[in-house]
Amino acid sequence: RRQRQMCIRDSCMHCVARVKKALEPLCEKVEVTLSPAIAVVTVKEPLKIEDVNAALAKAGDYSATPLN
């Protein structure tokens with residue numbers, strides 16, 4: 001298992017819920033916070049940032065930038 005941190009541009013608890021829901025199918029575990037605005041995901045297999053951003057784009061005007 002591997003954890004990845006991503007900076008997510010979100011602004012409210014509704015956004016946190018949408019981002020989490022968008023990432024859950026790609027990950028074993030997803031934690032999203034507003035302050036700081038990050039998502040921490042736990043995955044078994046490598047996860048491409050392009051796949052993350054595609055899932056986020058379907059959920060709304062969201063994108064991720066890898067932090068690690």
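1. Leaving out residues up to four places away in sequence, V41 touches R2, Q3, R4, M6, L23, C27, K29, V30 and L47, where contact means heavy atoms within 4.5 Å. V41 is also listed, with L23, V52 and L56, among the residues with the most contacts inside the largest nonpolar core, which has 20 residues. Such a core is a set of buried Ala, Val, Leu, Ile, Met, Phe, Trp, Tyr and Cys residues joined through side-chain atoms within 4.5 Å. Buried stands for under 20% relative accessible area, exposed for over 50%, and partly exposed for values in between (1.4 Å probe, protein chains only).

2. On the basis of the model: this is a predicted model, in which local features need pLDDT of at least 70 and side-chain atom pairs count only at pLDDT 80 or more, while totals for chains, interfaces and linings use all residues. Residues are numbered from 1 along each chain as its sequence is written, and side-chain values use heavy atoms, with hydrogens and water left out.

3. On the overall fold: the protein chain has two helices and four strands, in the order β-α-β-β-α-β from the N terminus. Helices (H or I, at least four residues) and strands (E, at least two) are DSSP runs, numbered from the N terminus. The radius of gyration is 10 Å, close to the 11 Å that the globule rule gives for 68 residues, so the protein chain is as compact as a globular protein of that length. That radius is taken over C-alpha atoms, and the rule is 2.2 Å times the number of residues to the power 0.38. The C-alpha trace spans about 30 × 25 × 15 Å along its principal axes. Of the 68 residues, 38% count as buried. Among contacts between residues at least 6 apart in sequence, 59% join residues at least 24 apart.

4. On the composition of the core: the largest nonpolar core has 20 residues. The elements that give two or more residues to this core are β1, α1, β2, β3 and α2 (49-59). Helix α1 gives the most, with five residues.

5. On strand pairing: two strands pair if DSSP finds at least two bridges between them. Strand β1 (residues 2-8) runs antiparallel to β3, and six bridges join the two; M6 has A39 as its bridge partner in β3. Three bridges join β1 to strand β4 (residues 64-66), again in antiparallel fashion, with T65 of β4 as the partner of C7. Five bridges link β2 to β3, which run antiparallel, and E31 is partnered by V40 of β3.

6. P36 lies in the loop between β2 (29-33) and β3 (38-43). The peptide bond joining S35 and P36 is cis, with omega about 5°. In general, most peptide bonds are trans.

7. K20, which lies in helix α1 (residues 13-23), touches V30 and V32 when residues up to four places away in sequence are not counted. K20 is itself partly exposed, at 34% relative accessible area. K20 and A39 are 8.1 Å apart in space, C-alpha to C-alpha, and 19 residues apart in sequence.

8. On salt bridges: a search of the whole structure finds one, the criterion being a side-chain nitrogen of Lys or Arg within 4 Å of a carboxyl oxygen of Asp or Glu. The side chains of K29 and E31 meet in a salt bridge at 3.2 Å, N to O. K29 is partly exposed at 46% relative accessibility, and E31 is partly exposed at 38%.

9. On T42: this residue of strand β3 is buried, with a relative accessible area of 13%. Leaving aside neighbours within four places in sequence, T42 is in contact with R1, R2, Q3, C27, E28 and K29. Of these, C27 is also buried, at 14%.

10. On the cysteines: a disulfide is taken as a pair of cysteine sulfur atoms within 2.5 Å, and by this rule the count comes to zero. C12 is in no disulfide; the nearest cysteine sulfur, that of C15, is 3.3 Å away. C12 is partly exposed, with a relative accessible area of 30%.
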